[in-house]
Amino acid sequence: VHTTKVKRFTVNNEMKIHMCVSDIPDMPVWCGQSCAISDGDNLVVMGGYDSSGSMLDKVQVYSNKTRTWSTGWALPSPCAGGSATLQYGTIILLGGNHMTTSVWYAKI
């Protein structure tokens, strides 16, 4: 018997993504006001605020294939509330609070 959990990922202050998956494990580090994007195989969650209100420079990656979370790249500085797009296998993160560089990118 499979149970379904609904996890909420805050994309920015305006929009939220609700993912319905079976038995998804909790994220290694809880975060709010993070930025998330998916390439279909992975959900990439960037930055945000942790439960104590500190901004994060962490990137967390959920693999739909292995059904596990891993730590991705480090952002150049802590960031929350940015926006992201995926272009030709490259994640582009724009803006956000306290980002020292205005554009950050990484290959998936």
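**Notebook: strands, pairs and turns**

I began with the sheet, and I found an open one of 4 strands in the order E3-E4-E5-E6, paired in the antiparallel sense. For my own reference, strands are DSSP runs (E, at least two residues) numbered from the N terminus, and two strands pair if DSSP finds at least two bridges between them. I looked up which strands stand at the edges, and they are E3 (35–38) and E6 (68–74); each has a single partner strand, so one side of each is left without a neighbour in the sheet. Neighbouring strands of this sheet are turned by 20° against each other on average, with direction ignored; the axes behind such an angle are lines fitted to C-alpha atoms.

I note here that the model is predicted, that local features need pLDDT of at least 70 and side-chain atom pairs pLDDT 80 or more, while totals for chains, interfaces and linings use all residues. Residues are numbered from 1 along each chain as its sequence is written, and side-chain values use heavy atoms, with hydrogens and water left out.

**Entry: the whole chain**

I looked up the secondary structure of the protein chain and found 0 helices and 9 strands, so that, read from the N terminus on, the elements run β-β-β-β-β-β-β-β-β. Of the 108 residues in the chain, 38% are buried; buried means under 20% relative accessible area, exposed means over 50%, and partly exposed is in between, with a 1.4 Å probe and protein chains only. The chain exposes about 6,200 Å², and carbon and sulfur atoms supply 52% of that area, which comes from the Shrake-Rupley method. I also looked at contacts (heavy atoms within 4.5 Å): of those in the chain with a separation of 6 or more, 32% are between residues 24 or more positions apart.

As one example, I traced Ala36 to its bridge partner in E4, which is Val45.

Side chains of opposite charge can pair when their charged atoms come close. I found 1 salt bridge in the structure, taking the term to mean a side-chain nitrogen of Lys or Arg within 4 Å of a carboxyl oxygen of Asp or Glu. The side chains that meet in it are those of Lys65 and Asp41, at 3.9 Å from N to O. Lys65 lies in the loop between strand E5 (58–63) and E6, and Asp41 in the loop between E3 and E4, so the pair ties together parts that are 24 residues apart in sequence. I then checked the two residues for cover: Lys65 counts as exposed at 66% relative accessibility, whereas Asp41 is partly exposed at 35%.

**Entry: an aromatic pair**

I found 1 aromatic pair, where rings of Phe, Tyr and Trp (its six-membered ring) pair if their centres lie within 6.5 Å, and planes under 30 degrees apart count as stacked, over 60 as edge-to-face and the rest as tilted. The pair is Tyr62 with Trp69, and it is tilted, with 5.2 Å centre to centre and 55° between the planes. Are the two residues buried or exposed? Tyr62 is buried at 0% relative accessibility, and Trp69 is buried as well, with a relative accessible area of 13%.

I picked Gly72, which lies in strand E6 and counts as partly exposed at 28% relative accessibility. Leaving aside its neighbours within four places in sequence, Gly72 is in contact with Val59, Gln60 and Val61. Gly72 and Met46 are 26 residues apart in sequence, and their C-alpha atoms are 9.0 Å apart in space.

I turned to strand E7 (residues 83–87) and strand E8 (residues 90–94), which pair in the antiparallel sense over 5 bridges; Thr85, for instance, has Ile92 in E8 as its bridge partner. The hairpin has 2 residues between the strands, and Tyr88 there takes a positive phi near 50°. Tyr88 is exposed, with a relative accessible area of 79%. I noted a positive phi of about 60° at Arg67 too, although Arg67 is not a glycine. Arg67 has its place in the loop between E5 and E6, and counts as partly exposed at 35% relative accessibility.

Methods
Axes are lines fitted to C-alpha atoms, for helices over the stretch in contact, and angles run from 0 to 180 degrees between N-to-C directions. Accessible areas come from the Shrake-Rupley method with a 1.4 Å probe; for residues, only the protein chains shown count as cover.
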